[in-house]
Amino acid sequence: MFRVFWLLFLMLLAAPAAAQTPSPDYTIRNIERRFSDDNREAIIKFDVINLGGDATIEATTQLVILSSGQEVAAATIPPLRQNGVYRVTLTFSTAAFAPGSTESLRAAVGVNEIEPFGNESTQNNFAQFSLTFPDTLPPAATPEVTPPPTATPDDPLVRLGLDTSDPAHLAVIAGVVVSGLVLLLIVGIILRLLFRRPPDFSGWQPAYAAPFPLDPNSAAGRRHQWQALAQNNSLPPICADGSLQASKRLFGLEGAYLSGWKVVAVRACQYDMYGRINRSQVLASRRLVRRLNAIVRRHDNLTSDQLERRLRPVARGLVNQLRRRLNDRSAMLPIALDLRFEGRHGEVRILFELYQCQFGQWNLLDRWEPEMTISGKSLNEAYTYTFYGQRPTETLKTFLPRLQDDVARTLAEMVRPQVFTDTSPTPVPTQTHQPKVE
């Protein structure tokens, strides 16, 4: 029994030694000798093979003349894995040697770097060979030794000390590539945010602005004054008898509503008795504007419920942008919604209408197309709608959904108005007791 325990004890002592990683063991093989075409340089090539474990440091290769002990060439090789092979090329000048002479040379690798000198494993770190120089050599003035070149592998990853056959090195390479892609993505997003701004709702001048004063008592003068009061295409649902309301509609040449027109910008902001509040202004993103234009183009193929349902995401996106500018003190201010339209000159029309409330209903009094001065190829127009701010009975949490519903219904009425407009040039009297306006 005592022998069994003794044997187990010896095995436990030998286990750490067996688990140790073997040390590297470099050797030189396959020596090749030749000269350059003009016999000015001797070229020595050989393979360095690692017969032991993986190396972690670089090694130096030296070429020495045995007769004088002079070192004529040297190079550095990267760490080699187990059974790794590296081809070394050493060159030196032949000007210091006699033509036709024979010299004994010795190559050494990794001595006192990879393996200590005097160890049994260092015997194959040396290789001795002879070199016979050509009978014709360039004239030698002074013996000169070529500066030791550094062996540079062709693979750039090897130059950086990376080995594609090592899983750890592959993980490092993959991490660098992924990090570079993420960095490029972040830079692209930043540049897109900097240079892709929402459509700008810049200042504009209506094409039907009067270039000279008009007689306010004439038909043209009365119409021109009503044009400035027409804000959109809608009529109030409730009216007082005798009240007047002007509206404007956008048509194509064939008489189809909004044909040839497209929305180029949408703006929402609060206003007070002094005008618009610039710090509350928000511009709809390009995505929302494109989505609104797509609905405008297909509005004839949609029912009223489908139209409002498809416009609800546009209203929600616009209200979400506006809520960042609202606070408890300013939420009660009214909100203005502006839509800028653009059409090509010669393909679109603008039609103004004047209504009067009689017996609780709107009756058409006058309809006309404005006289316009157009200098460019496009024609611009704008609709403006207003909405109540936060009411005294509402909280901010209930105010925003109500505003979203109001915006969706207003956009649906803008795309498909409830009041039908006949675009045929039928004369309509301005007042019942006045002659018809041609």
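Where is the place of isoleucine 190? I looked this up and found isoleucine 190 in helix α3. I take helices (H or I, at least four residues) and strands (E, at least two) as DSSP runs, numbered from the N terminus.

**Entry: basis of the notes**

I am working with a predicted model, in which local features need pLDDT of at least 70 and side-chain atom pairs count only at pLDDT 80 or more, while totals for chains, interfaces and linings use all residues. Residues are numbered from 1 along each chain as its sequence is written, and side-chain values use heavy atoms, with hydrogens and water left out.

**Entry: the nonpolar patch**

I next looked up the surroundings of isoleucine 190. Together with Val178, Val182 and Ile186, Ile190 makes a nonpolar surface patch of about 340 Å². Patches are made of residues with over 30% relative accessible area and no salt bridge, with like charges joined within 9 Å and nonpolar side chains (Val, Leu, Ile, Met, Phe, Trp, Tyr) within 5 Å. Accessible areas come from the Shrake-Rupley method with a 1.4 Å probe, and for residues only the protein chains shown count as cover. Isoleucine 190 counts as partly exposed, at 46% relative accessibility. I use buried for under 20% relative accessible area, exposed for over 50%, and partly exposed for values in between (1.4 Å probe, protein chains only).

**Entry: the positive patch**

Arg286, Arg287, Arg290, Arg291 and Arg316 form a positive surface patch. In this count Lys and Arg are positive and Asp and Glu negative, with His and the chain ends not counted. The place of a charge is taken as NZ of Lys, CZ of Arg, CG of Asp or CD of Glu. Which helix gives the most to the positive patch? I noted helix α5 (residues 286-297), with four residues. Arginine 286 belongs to helix α5 and is partly exposed, its relative accessible area being 37%.

**Entry: salt bridges**

How many salt bridges does the structure hold? I recorded 17 salt bridges. A salt bridge is a side-chain nitrogen of Lys or Arg within 4 Å of a carboxyl oxygen of Asp or Glu. Side chains of opposite charge can pair when their charged atoms come close.

I examined glutamate 353 and arginine 249, which form a salt bridge with their closest N and O atoms 3.9 Å apart. This pair links distant parts of the chain, since glutamate 353 is in strand β13 (residues 348-358) and arginine 249 in strand β8 (residues 244-252), 104 residues apart. Are these two residues buried or exposed? Glutamate 353 is buried, with a relative accessible area of 0%, and arginine 249 is buried as well, with 1%.

I also examined aspartate 405 and arginine 312, whose side chains meet in a salt bridge (2.6 Å, N to O). Aspartate 405 lies in helix α7 (residues 396-415) and arginine 312 in helix α6 (residues 304-323), so the pair ties together parts that are 93 residues apart in sequence. Aspartate 405 counts as partly exposed at 27% relative accessibility, and arginine 312 counts as partly exposed at 25%.

Finally I looked up a network of salt bridges that links Arg391, Glu394, Arg402, Asp406 and Arg409. Within it, glutamate 394 forms a salt bridge with arginine 402, the closest N and O atoms being 3.0 Å apart. Glutamate 394 is buried, at 14% relative accessible area, and arginine 402 also counts as buried, at 14% relative accessibility.

**Entry: residues in loops**

I looked up tryptophan 204 in the loop between α3 (167-195) and α4 (219-227). Tryptophan 204 is partly exposed, with a relative accessible area of 29%. Leaving aside neighbours within four places in sequence, tryptophan 204 is in contact (heavy atoms within 4.5 Å) with Arg340, Asn380, Glu381 and Ala382. The C-alpha atoms of tryptophan 204 and alanine 382 are separated by 9.3 Å, although the two residues are 178 residues apart along the chain.

**Entry: positive phi**

Most residues other than glycine have a negative phi. I noted asparagine 83, whose phi is near 65°, a positive value. Asparagine 83 lies in the loop between β4 (71-77) and β5 (85-93) and is exposed, with a relative accessible area of 54%. Leucine 258 has a positive phi near 65° too. Leucine 258 lies in the loop between β8 and β9 (261-272) and is buried, at 5% relative accessible area.
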